[in-house]
Amino acid sequence: VQLQASGGGLVQAGESLTLSCAASGRNWYTMGWFRQTPGKEREFVAAIARNGGSTVYGDFVGGRFTISRDKYTVYLQIISLKPEDTAVYSCAASNEYNSAYFGDQTTYTMWGQGTQVTVSS
């Protein structure tokens, strides 16, 4: 079982980007996205339950991030990108049912490799 993230790259401020993360071989109940920049703690971005039943977003999101999923793949659309969105974005998966814990990184038992997003001003 693996998580494979893709879709990162170098973009201009104001542009949009969609990240994808495919879970091979397993339909996890909860899939989420986190991001990290050098020297900072990993930050929760968003998570979504199976069948899109519950979605939870990080406090900083402010409407520019949208998480969605199908059975095996979770997506993260980011609009109006800002230089401060520059980070390594990682996907994660768990079978936690309680959405109160979706933002807690210790909830997640499977992590994918990150994909770098760099936003130039």
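Predicted model: local features only at pLDDT ≥ 70, side-chain atom pairs only at ≥ 80, totals over all residues.
Reader: Hi! Which kinds of elements does the protein chain have, helices or strands?

Author: Hello! The protein chain has eleven strands and zero helices. Read from the N terminus, the elements go β-β-β-β-β-β-β-β-β-β-β.

Reader: Okay, and how compact is the protein chain for its 121 residues?

Author: Its radius of gyration is 13 Å, close to the 14 Å that the globule rule gives for 121 residues, so the protein chain is as compact as a globular protein of that length. The C-alpha trace spans about 40 × 25 × 25 Å along its principal axes.

Reader: How much of the protein chain is buried?

Author: Buried residues account for 40% of the 121 residues.

Reader: Switching topic: how many disulfides does the structure hold?

Author: There is one disulfide in the structure. Cys 21 and Cys 91 form it, with their sulfur atoms 2.0 Å apart.

Reader: Which parts does that pair tie together?

Author: Cys 21 sits in strand β3 (residues 17-24) and Cys 91 in strand β9 (residues 87-94), so the pair ties together parts that are 70 residues apart in sequence.

Reader: Is the disulfide right-handed or left-handed, and why?

Author: The torsion about the S-S bond of Cys 21 and Cys 91 is about 55 degrees, so this disulfide is right-handed.

Reader: And are those two cysteines buried or exposed?

Author: Cys 21 is buried, because its relative accessibility is 0%. Cys 91 is buried too, with a relative accessible area of 0%.

Reader: Nice. What about the largest nonpolar core, how many residues has it?

Author: It has 26 residues, and those with the most contacts inside it are Leu 3, Leu 19, Trp 33, Leu 76 and Tyr 89. Several strands each supply at least two residues of this core, including β1 (2-6), β4 (30-36), β8 (73-78) and β11 (115-120).

Reader: Pick Leu 76 for me. What is Leu 76 in contact with?

Author: If we leave aside neighbours within four places in sequence, the contacts of Leu 76 include Leu 19, Trp 33, Val 45, Phe 65, Ile 67 and Tyr 89. There is also a second, separate core of eight residues, and among them are Phe 34, Ala 47, Ala 92 and Tyr 108.

Reader: Now I'm looking at Gln 105. Where does Gln 105 lie?

Author: Gln 105 is in the loop between β9 and β10 (110-111). At 29% relative accessibility, Gln 105 counts as partly exposed.

Reader: What does the Gln 105 side chain make a polar contact with?

Author: The partner is the side chain of Arg 42, at 3.0 Å. Not counting residues up to four places away in sequence, Gln 105 touches Phe 34, Arg 42 and Trp 111.

Reader: How far apart are Gln 105 and Glu 15?

Author: They are 28 Å apart in space, C-alpha to C-alpha, and 90 residues apart in sequence.

Note on methods. Residues numbered from 1 in each chain as written. Heavy atoms only, no water. Disulfide = S-S within 2.5 Å. Helix = DSSP H or I, 4+ residues; strand = E, 2+ residues; numbered from the N terminus. Buried < 20%, exposed > 50% of the residue type's maximum accessible area, 1.4 Å probe, protein only. Core = buried A, V, L, I, M, F, W, Y, C linked by side-chain atoms within 4.5 Å. Contact = heavy atoms within 4.5 Å. Rg over C-alpha atoms; globule rule 2.2 N^0.38 Å. Polar contact = N/O pair within 3.5 Å; in protein donor to acceptor, adjacent residues only side chain to side chain.
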